[in-house]
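Please look first at the whole model and then at its parts, one chain at a time. The paragraphs below are meant to be read with the structure open beside them.

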Amino acid sequence: MTVQSAWFWAIGRIDLHSFAFVRAWEDPSLDKMIAAGAASLVVLGAIAVFAIITKLRKWRYLWQDWFTSVDHKKIGIMYVILSGIMLTRAVIEAVLMRMQQAVAVNQPGIVAPEHFGELFSTHGSIMIFFMAMPFLTGIINYVMPLQIVARDVAFPTLNSISLGLTVSGAVLLMISLVVGKFSTGGWSGYPPYTEMAFNSGVGPDYWIWAVTLSSIGSTMTGLNFAVTIYKSRAPGMHLFRMPLFCWTALCTSILMIFAMPPLTVATLMLALDRYLDFHLFTTDLGGNMMNYANLFWLFGHPEVYILILPAFGVYSEVISTFSAKRLYAYRTLVYATMVIAVLSFTVWLHHFFTMGQNANINGFFGIATMCVGIPTGVKVYDWILTMYRGRVRFTVPMLYAIAFLVTFVIGGMTGIILATPPLDYVVHNTLFLVAHFHNMLIPGLLYGMLAGYQFWFPKAFGFRLDETWGRISFACWVVGFYLAFMPLYVLGAMGMPRRMAGVFQGEYLPWLIIACIGAFILLAALGALFVQLVISIRRREKTRVPAGDPWDGRSLEWAISSPPPEYNFAVIPCVEDRDPFALRKEQGRAYQPPHAYEDIEMPKNSVLGPVLCIVGAAAGFALVWHIWWLAILSFLGILAAVIVSSFSRDTHRVIPASEVARTHEHWLRTVAEARAIPRELETRSANEGLAESAV
Amino acid sequence: MDDRAKYRRELRGYAIGFASALALTCAAFATVHFDLAPAGTTIGIVFALGLIQLNVHFRFFLHIDLKKSARDDLQLILFSTLITLLMVGGTLIILFNLYHRMM
Amino acid sequence: MSADELKHAGLNLQEADPLTHEKAGEAIFGFWVFLMSDAVVFALLFATYGVMLRGTAGGPVPHEVYEIKSAFIETLILLSSSFTFGLASLAMKYEHKRHQLELWLGVTLLLGFAFIGWEIHDFVSMAAKGEVPSRSGYLSGFYALVPMHMLHVTIGCVWGMVMLVQIRKFGLDPMVKINVMRLSLFWHFLDIIWIGIFSVVYLQGLA
């Protein structure tokens with residue numbers, strides 16, 4: 001064995017030039033320095049986090065109370081934290097891209113075209129798989145079991161494994177900043193461009209394994225949520241008594257179960273092409289790359305509704321709570337959600353109208369696409385009619401809901417334009433499309449999740465978020481959105497293609513500058529969000545809501561303490577209405593002590609989630625760099641971990657009734673001592689989480 | 001009904017399933033092996049037999065039936081079938097259309 | 001709710017073991033949902049195979065590649081293993097002597113291994129004739145679909161061996177029973193996928 005082959009055997013394709021630092025050392029151009037700067041942020045950030053945790057001696061605490069925890073609430077919070085970290089990276093990348101385009105008119109920009117390709121690929125992949133999916137998964141994880149009054153999800157360990165797999169995918173993406181380069185093939189990774197023949201580097205492999213890990217995690221999450229909703233509802237909680245958020249969670253879960261497999265199939269078949277010389281999507285020997293586009297969008301379109309439906313659920317809760325009204329036309333909202341979920345499987349072709357199939361097929365899918373507007377329209381009217389004659393309070397979540405209603409409808413209009421095949425031919429692959437999907441996903445996902453975050457934060461942590469900084473952040477998200485994306489409609493209509501590292505049309509410049517300013521305002525919005533968090537934590541003593549109901553809520557997650565005990569409900573209540581907590585407050589029986597307490601059986605912590613996270617990331621990294629021994633070892637590790645854990649019989653522990661009673665009665669005393677406040681005071685420090693209607 | 005009788009009844013279920021699956025399999029292979037029909041028809045027969053066998057397996061091995069208490073599973077199968085048909089049917093229609101237009 | 005009720009797909013324990021039966025509802029429904037998701041994976045691999053059929057790139061075409069005898073024997077092996085697993089499930093439900101469950105599960109696994117062995121033999125002889133995935137799109141489609149099924153059967157066999165050890169170690173506790181029931185669903189499900197494979201791949205190719 002030569003030295004070289006021994007080297008390859010040990011560390012695969014890694015060499016000195018794989019490291020961003022080395023590349024910047026050899027060629028200290030602005031482009032390479034930016035890459036090295038990003039890499040050092042990752043490295044220094046990781047070192048700093050390790051150092052701080054070690055200094056505070058928090059490893060044991062984190063391991064026992066968080067990483068190995070199977071509590072749906074903690075897993076939900078960890079998902080949201082992951083999403084926040086990834087959001088930060090992807091927003092910074094967005095600003096870089098907007099700067100590049102504003103600068104690179106008739107001249108080279110700040111980053112090289114290759115680097116620009118990496119930027120839009122990571123931005124898209126992160127925003128979809130590692131920002132949006134974890135955010136909504138986290139919020140559903142936290143809220144849904146509380147709303148249906150379950151003690152946990154149906155398969156708590158599986159929940160922790162899903163989180164582990166998602167994190168390992170995110171870790172791969174972060175590592176790609178330091179070692180090697182990410183794909184330049186966009187978030188959809190179309191072959192033949194991503195095939196070995198055209199792209200033999202590690203980029204597409206990073207993309208494949210990061211996305212595959214997260215897609216498997218999401219499939220399991222969907223399964224877990226769906227079974228929880230089907231089988232773990234409290235007595236009396238018929239499907240048609242569930243809060244609307246749970247309905248959207250159910251439909252999203254079903255979409256995950258059926259729509260993630262096409263993605264897994266597509267990425268794995270691309271991997272077969274790249275690793276084992278298959279010819280599934282190649283240009284030669286009978287490969288068919290059009291099938292990839294077809295498979296990818298079989299996933300991609302339902303994915304859009306996976307992202308948007310939970311936000312619809314959040315808006316339904318927020319609007320009805322802050323209008324102090326029952327949700328208008330609940331049943332039609334439920335049916336509309338179902339119809340959207342089913343229709344989402346019938347429209348995928350509109351992502352490739354221009355691929356060459358005949359006009360009848362395009363026409364069919366165009367019409368199917370427009371049909372989606374009908375149930376969505378029903379929803380918009382239902383929300384407006386919920387507000388009608390309500391006493392609307394303009395809190396931060398409500399502001400997001402209103403901004404969503406207006407902005408989302410505009411996005412829907414441009415969607416109708418794109419759904420018309422002949423018009424689509426004109427604007428296909430231009431910034432018009434980029435403007436459209438940001439116009440749907442920013443209000444339809446990000447605003448929704450942020451509204452949910454502001455709305456349920458006091459439930460999770462026991463204190464409210466700062467109202468002023470919440471409003472500042474909100475204003476920046478909205479203004480920034482309009483400035484950043486409305487110009488892209490114009491540019492798209494002028495013919496500017498998407499994903500351009502530079503252009504030669506001077507007339508694009510003013511619009512690109514406006515969009516760039518918008519991007520900076522969006523960055524400020526993100527900053528304000530962090531400022532809000534820090535300030536809120538500092539002032540938490542003044543904003544505590546121990547009684548648990550800061551917004552005069554209507555569903556049962558508000559009927560318990562904030563933060564809730566591990567087992568959620570001391571005694572599982574019987575549900576008698578669609579707005580059970582609102583009804584109980586009206587009847588003055590919201591805080592009655594139960595007749596008797598029982599022992600509660602809860603799942604024990606499991607190391608399987610974090611172990612699979614580490615081994616999964618190792619497997620992904622090994623496959624990317626062709627380190628075969630590590631890949632084999634990792635797969636054996638996964639197998640061994642799963643088998644060993646199946647031998648564990650000591651999986652539950654019992655919380656004695658006396659302890660439950662003590663905790664619950666302590667909380668009931670807190671409620672009795674709390675001062676009930678009218679709704680006008682809910683954003684003041686007088687708000688201890690007890691609404692006036694309850695007294 | 002005592003355990004023994006129940007056991008026999010359930011055993012009979014598996015046996016019926018096995019026997020009919022075996023018969024259907026043999027029929028399908030025989031059609032192809034002995035060239036009993038022109039190619040197009042043969043494929044049609046094979047697919048039809050396969051579909052029947054699919055239902056036999058669902059009924060006798062997976063115990064899916066139309067009784068009320070197992071409705072959840074049946075609904076799930078029907079929904080999965082719908083989604084699968086949309087995906088597979090759509091894929092074939094779209095890609096064969098593209099194939100012909102490129103000829 | 002009576003113990004007699006059917007709670008999930010596959011053989012139900014019902015009043016033979018009401019306690020486990022009660023627990024099994026959720027546990028097995030979850031696995032059933034997973035199988036449906038897995039079914040979508042296979043459906044798309046079938047669709048891809050269908051799309052790739054014409055991409056032979058001047059290489060071997062289906063009726064030159066497949067052998068009806070081999071496919072028939074594999075089918076018989078897998079079909080019999082489904083039946084023997086049924087016998088294992090019944091032995092578990094009616095709590096016959098434990099070795100009966102072990103016996104039938106063991107026979108099932110042996111049939112599973114025989115199936116895998118036969119398939120590997122098929123693939124090796126195909127490769128010897130130059131019928132490898134790198135030859136053409138059609139062969140890639142074949143090798144994406146059929147070995148995927150084989151991989152599933154292999155996982156089923158490993159799982160079955162783990163269950164044999166657990167039956168020895170824990171006896172028939174609820175967890176073991178539930179996992180045997182899940183494995184039985186998995187096994188019968190793979191048999192159903194195989195119906196698709198022998199009809200769509202082998203018999204269509206040879207017709």
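A residue is called buried if 20 or more other C-beta atoms lie within 10 Å of its own, exposed if 12 or fewer do, and partly exposed in between, with the C-beta atoms placed from the backbone. This is a predicted model, in which local features need pLDDT of at least 70 and side-chain atom pairs count only at pLDDT 80 or more, while totals for chains, interfaces and linings use all residues. Residues are numbered from 1 along each chain as its sequence is written, and chains are lettered from A and ligands numbered from 1 in the order in which they are written.

Helix H15 of chain A, residues 431-461, is mostly covered, since 28 of its 31 residues are buried. The helix bends by about 40 degrees at A:Phe455, and a proline, A:Pro458, follows within four residues; the bend at a residue is the angle between axes fitted to the seven residues ending there and the seven starting there. After H15(A) comes A:Gly462, which has a positive phi near 85 degrees.

Chain A can also be read as domains, whose bounds come from an automatic or database domain assignment. The assignment gives domain 1 (1-57) and domain 2 (58-543), and the C-alpha centres of these two domains of chain A lie 30 Å apart. Where they meet, 17 residues from domain 1 and 13 residues from domain 2 take part in the contact, two residues being in contact if their C-beta atoms, placed from the backbone, lie within 7 Å. On the side of domain 1 of chain A that touches domain 2, helix H3 (residues 30-55) of chain A gives the most, with 10 residues. The residues of that side divide into 12 nonpolar, two polar and three charged, where Ala, Val, Leu, Ile, Met, Phe, Trp, Tyr, Cys and Pro count as nonpolar, Asp, Glu, Lys and Arg as charged, and the others, Gly among them, as polar.

Of the 207 residues of chain C, 56% count as buried. Among the contacts in chain C with a separation of 6 or more, 75% join residues 24 or more positions apart.

Which helix of chain C gives the most to the side that touches chain B? The contact takes 41 residues from chain C and 41 residues from chain B, and H1(C) gives the most to the side of chain C, with 12 residues. By class, this side of chain C has 27 nonpolar, 11 polar and three charged residues.

Finally, for chain B, an unreviewed UniProt entry carries the annotation "transmembrane region" for residues 12-30, 36-56 and 76-99; UniProt positions are given in the numbering used here, feature names are shortened, and annotations may be inferred rather than shown by experiment. In the model, residues 12-30 of chain B are 100% helix and 0% strand, with end C-alpha atoms 26 Å apart. Residues 76-99 of chain B are likewise 100% helix and 0% strand, and their end C-alpha atoms are 34 Å apart.

Note on methods:
Helix = DSSP H or I, 4+ residues; strand = E, 2+ residues; numbered from the N terminus.
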